[in-house]
Amino acid sequence: MNFDFDAITDRRGTNSSKWDAMERYSGVSPEDGIAMWVADMDFPAADFLQEAVQGLIAKANYGYFASDAAAIEAAAWWMGARHGWPVEPDWMSSTLGLGHAIALVLETFTDPGDEVIIFTPVYHEFSSKIRALGRVVHESPLALRDGVFEMDFEALEAGLTGRERAVLISSPHNPAGRIWTVAELRRLAEFYARHDLLMIADEIHHDLIHPGHRFTSWLVAAPEAAGRSLVLTAPSKTFNTAGARHGMVTIPDPELRQRFRTALHAHQTQPNLLGLELARATTC
Ligand SMILES: Cc1ncc(COP(=O)(O)O)c(C=O)c1O
C-alpha cells in the first residue's frame, strides 16, 4: 500500500475545486496564491486505489450494483483495527459524502426552528446546512486558554434557550486542530444527556493525527451515548478521495437507524460505483 508523498502533481487547470475555484471563492488566482483552504491534497492517488479503479474499468460495466456491503465491511474493519471502535457493519449507511450526511441527519432528526449547537469557529458547512434547512445555529464559541482551544461548558450552559435539539461536533476539530480528550468528550456526554439532545459526531479527520497523539472516537469515549448518537466518517480525507463523494453514518440505535434509512430511501440516495470501489479498496 503506497502513497508517494514527494510526487506533487500540479492540479491547476484539472477542474480541481481547490485550485480552479479558488479565484471565484476568494479573488486570489491560482497563479498568485497557494491553495490551502480545503483539506484536499496534491499528490497522486495511492497505487492500491489506482488498481481498484483499473479493476472497475476492466469490467467495462457501469450498471446498477447489488449492494454497498463490501465498502461498509471495509469501513467497519477500519474503525475496529485503527480506532479500537467495534462497529457492526449493519449500523452503517452510505451517503454521498459528509456534507450530504450532515444535511440529511439534520433534516431527519430535527425540525425547522430547532437549535443545533456547534462549537465555533468550525467547518463552514455546519452552519450553512443548519441555516439552509431552516434550523437555528446555536453558537458556542471555543475558548482560547493557554494557547489551546477548549469547549466552554460554563458559557454554553449559561446561554441555553431550551430550544436546542442536537449537538454537532467536529472531532478532531476543524479548524482548531484539537483532538478532544476523553475527559472533554465525557463532559460533553454528560452535558448532552442532561439536556436530552441528539449527538452528531463528524469524525472525518480521525486519521490525520500528529505522531505522538491519539484520537478517541466519540462512542469509545462515551459508549453509553450509543442510543442517542450518530457518527459520521469517510475515507475521503485519509485517502484523498473526496471527489468520489462517499461517506458513512453509523447509528447503533435500531430505531434511529431505521428513521435515517427511510430518509435515505426517500431521497433515492445510493452511493456511486467509484466511491464504493475506492472505499472497499482501503482494506487491501
Ligand atoms: C469537518 C468536516 N466535515 C465534512 C467535510 C466535508 O465532507 P464531504 O467532502 O464528504 O462532503 C469537511 C471537509 O473539509 C470537514 O472538514
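**Figure 1. The lining of the second largest pocket in a predicted model.** The second largest pocket is lined by Pro172, His173, Asn174, Pro175, Gly177, Ile179, His205, Leu208, Ile209, His210 and His213, and about 340 Å³ of space lies in it. The model is predicted, with local features requiring pLDDT of at least 70 and side-chain atom pairs counted only at pLDDT 80 or more, whereas totals for chains, interfaces and linings use all residues. Residues are numbered from 1 along each chain as its sequence is written, and side-chain values use heavy atoms, with hydrogens and water left out. A pocket is an open set of points on a 1 Å grid over the protein atoms alone, with protein on both sides within 12 Å along at least five of seven lines, and its lining residues have an atom within 4 Å of a point; grid points are joined across faces, edges and corners, and the volume is the space filled by probe spheres set on them. By class, this lining has 5 nonpolar, 6 polar and no charged residues, where Ala, Val, Leu, Ile, Met, Phe, Trp, Tyr, Cys and Pro count as nonpolar, Asp, Glu, Lys and Arg as charged, and the others, Gly among them, as polar. One of the lining residues, Pro172, is joined to serine 171 by a cis peptide bond with omega of about -5°. Proline 172 lies in the loop between strand E6 (164-170) and helix H8 (182-194), where helices (H or I, at least four residues) and strands (E, at least two) are DSSP runs numbered from the N terminus.

**Figure 2. The largest pocket and the helices that contribute to its lining.** The volume of the largest pocket is about 710 Å³. Its lining comprises 30 residues, and Val38, Tyr123, Glu125, Lys237 and Ala242 are those nearest the centre. At least two lining residues come from each of helix H1 (17-20), helix H5 (98-109), helix H6 (125-132) and helix H10 (236-239). The lining divides into 12 nonpolar, 11 polar and 7 charged residues.

**Figure 3. The largest cavity, with lining residues from helix H4 (69-83) and H10.** There is 1 cavity of 30 Å³ or more, a cavity being a set of grid points where a 1.4 Å probe fits but cannot get out. The largest cavity holds about 110 Å³ of space and is lined by 15 residues, with Ala75, Trp78, Met79, Ala234 and Pro235 nearest its centre. H4 gives the most to this lining, with 5 residues, and H10 supplies at least two. The lining of the largest cavity has 10 nonpolar, 4 polar and 1 charged residues.

**Figure 4. The crossing of H5 and H6.** The axes of these two helices come within 10 Å and cross at roughly 40°, the axes being lines fitted to C-alpha atoms over the stretch in contact and the angles running from 0 to 180 degrees between N-to-C directions. H5 is therefore oblique to H6, since angles under 35 degrees count as roughly parallel, over 145 as roughly antiparallel, 65 to 115 as roughly perpendicular and the rest as oblique. H5 passes H6 in a right-handed crossing, in which the near helix is turned clockwise from the far one by less than a right angle. Gly99, Ile102, Ala103 and Leu106 of H5 make the contact with Glu125, Phe126, Lys129 and Ile130 of H6, contact meaning heavy atoms within 4.5 Å. These residues comprise 5 nonpolar, 1 polar and 2 charged.

**Figure 5. The crossing of H5 and helix H11 (residues 254-266).** The two axes come within 10 Å and cross at roughly 115°, which makes H5 roughly perpendicular to H11. The crossing is right-handed. On H5 the contact is made by His100, Leu104, Val105, Thr108 and Phe109, and on H11 by Leu256, Arg259, Phe260, Ala263 and Leu264. By class, this contact has 7 nonpolar, 2 polar and 1 charged residues.

**Figure 6. Packing of helix H3 (residues 47-58) and helix H12 (residues 273-281).** With their axes 9 Å apart, the helices pack at an angle of about 135°, which makes H3 oblique to H12. Their crossing is right-handed. Phe48, Leu49, Ala52, Val53 and Leu56 in H3 meet Leu273, Leu274, Glu277, Leu278, Arg280 and Ala281 in H12, a contact of 9 nonpolar, no polar and 2 charged residues.

**Figure 7. Backbone geometry at proline 121 and aspartate 146.** The peptide bond from threonine 120 to proline 121 is cis, with omega near 0°, and proline 121 is placed in the loop between strand E2 (115-120) and H6. Aspartate 146, although not a glycine, has a positive phi of about 50° and is found in the loop between strand E4 (143-145) and strand E5 (148-150).
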